[in-house]
Amino acid sequence: MRPLFEPALVNDAFGDPGLYVDFRDERRALLFDLGDVSALPPRKLLRLSDIFVSHAHLDHFVGFDHWLRVVLGRKPRAAMYGGPGFIGQVEHKLAAYTWNVVHRYEVALTIEAHELAPDGNCRHARFSSLRRFAREADEPWPRTGDVVLAEDRFRVRAAFLDHDIPCLAFALEESVHVNVWKNRLAELGLPTGPWLRAVKRAVVAGAPDDTPIEVQWRDRHGVHGTTRPLGELRGTLELVPGRRVGYVTDIRYTEENLRTLDGLLAGVDILFIESVFLDAETDHAERKNHLTAAQAGSIARRLGAKAVVPFHFSPRYEGRAAELQGKVQSAWRGAGC
C-alpha cells in the first residue's frame with residue numbers, strides 16, 4: 001500500500017521537535033511544530049500549506065522567522081494552528097519587523113492564524129503582506145468536535161494535554177486509501193499514470209458510475225487518450241482504511257493525559273512521541289512536565305500503536321540515543337511486563 005503522505009522528523013532526536021509530512025503526489029506538505037527548521041531546504045518550506053504548533057515554547061516556535069524569510073514574496077498563503085493566545089503570538093512575531101515595502105512584493109503572503117481553546121471558543125485572524133501584516137478578520141472560528149482541518153483525503157484532529165500549560169497533541173488521518181490493481185488495469189488495456197489521481201478522488205468523493213474519466217498516457221508510439229466511465233474503472237481499485245499518524249510532545253505522565261490520548265490516538269499506525277529522560281530521572285521528568293523513555297513506550301503500547309518513533313531527547317544524554325530508543329521499544333513491546 002502506497003500511503004498518501006510520508007512523515008519524517010525535521011531534526012535528529014536531540015534537536016528541536018518538528019514533524020514534516022510530505023504528500024507524495026502533490027507539491028504540498030504539513031508541519032507539526034515550528035522549532036529550528038534550518039535543516040529543511042527552501043523547496044520543502046515552500047511546500048508547507050499548514051503548520052500546527054503544539055505550544056509556543058521557544059524550541060517549538062523559534063523557526064517562525066526562518067520560515068517567514070524563505071516564503072515571503074514567494075508563497076501566497078499558509079495556515080497556522082495553535083493554542084490559547086496563538087493569534088497574538090503570531091501578531092507579535094510579525095510586529096517585530098518594519099514592513100514599509102512588503103506591500104509591493106509581486107507575490108503577496110497571507111497568513112491564516114487559527115487559535116484553539118480548551119473551552120471550545122476558538123478564533124481565526126488573517127495577516128496580509130498587502131496591509132503590512134496588520135491583524136484582520138479576527139472572529140470566532142467554529143469547528144466540529146476535535147477536528148482542526150478536514151479535506152477530502154485527510155483530516156487533522158487535536159486535543160489539549162497538560163504540560164503545566166495547555167499543549168496540543170495531533171492526529172493526522174488519511175480518509176481512505178485507494179489501492180490500484182495493475183493487473184485489472186492491464187485487462188482493460190490501460191496503463192498506470194497520473195490520470196489515476198482523478199479516479200481515486202472521484203471514488204473517494206462518491207462520484208456516480210457515469211462520471212467521465214480522461215485517460216492519457218505516453219509510450220514509444222506517442223501520446224494516447226480515451227475517456228472511460230468511472231463505473232468501468234471502479235473494479236480496478238480497492239478501498240482500505242487510511243494511515244493514521246500521531247504526534248505527542250511535552251506532556252506530563254498523568255492518567256488524565258493518558259485518557260485524552262486514548263480518545264485521540266487509539267490504534268494509531270505510527271506514533272511520534274517525546275522521550276526526554278531516562279527512568280533514573282523520573283522525578284526530574286515530573287518536575288519538568290515531560291515523559292521518560294519508558295513512559296513514552298508504555299503510552300505507545302497502551303494506544304496499540306503499530307510503530308513508535310521517539311524524539312526530543314534531553315541533551316544530557318548526548319551519545320546515548322540508543323539507550324533511550326531501547327527503553328522506548330522495550331516498554332512498547334511489553335518486555336519485562
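The accessible surface of the protein amounts to about 15,900 Å². Carbon and sulfur atoms account for 49% of this surface. The model is a predicted one. Of its 337 residues, 49% count as buried.

The secondary structure consists of 11 helices and 18 strands. The radius of gyration is 22 Å, close to the 20 Å given by the globule rule for 337 residues, so the protein is as compact as a globular protein of that length. Along the principal axes, the C-alpha atoms fill a box of roughly 65 × 60 × 40 Å. Contacts were also sorted by separation in sequence. Among those between residues at least 6 apart, 63% join residues at least 24 apart.

Helix α10 spans residues 293–303, and helix α11 spans residues 321–333. The two helices pack at an angle of about 35°. Their axes lie 7 Å apart. The crossing of α10 and α11 is right-handed.

Both helices supply residues to this contact. From α10 come Ala 293, Ala 294, Gly 297, Ser 298, Ala 300 and Arg 301. From α11 come Leu 324, Lys 327, Val 328, Ala 331, Trp 332 and Arg 333. By residue class, the contact of α10 with α11 divides into 7 nonpolar, 2 polar and 3 charged residues.

Definitions and conventions. Residues are numbered from 1 along each chain as its sequence is written. This is a predicted model: local features need pLDDT of at least 70, side-chain atom pairs count only at pLDDT 80 or more; totals for chains, interfaces and linings use all residues. Side-chain values use heavy atoms; hydrogens and water are left out. Axes are lines fitted to C-alpha atoms, for helices over the stretch in contact, and angles run from 0 to 180 degrees between N-to-C directions. Helices (H or I, at least four residues) and strands (E, at least two) are DSSP runs, numbered from the N terminus. A crossing is left-handed if the near helix is turned anticlockwise from the far one by less than a right angle, and right-handed if clockwise. Contact means heavy atoms within 4.5 Å. Ala, Val, Leu, Ile, Met, Phe, Trp, Tyr, Cys and Pro count as nonpolar, Asp, Glu, Lys and Arg as charged, and the others, Gly among them, as polar. The radius of gyration is taken over C-alpha atoms; the globule rule is 2.2 Å times the number of residues to the power 0.38. Buried means under 20% relative accessible area, exposed over 50%, partly exposed in between (1.4 Å probe, protein chains only). Accessible areas come from the Shrake-Rupley method with a 1.4 Å probe; for residues, only the protein chains shown count as cover.
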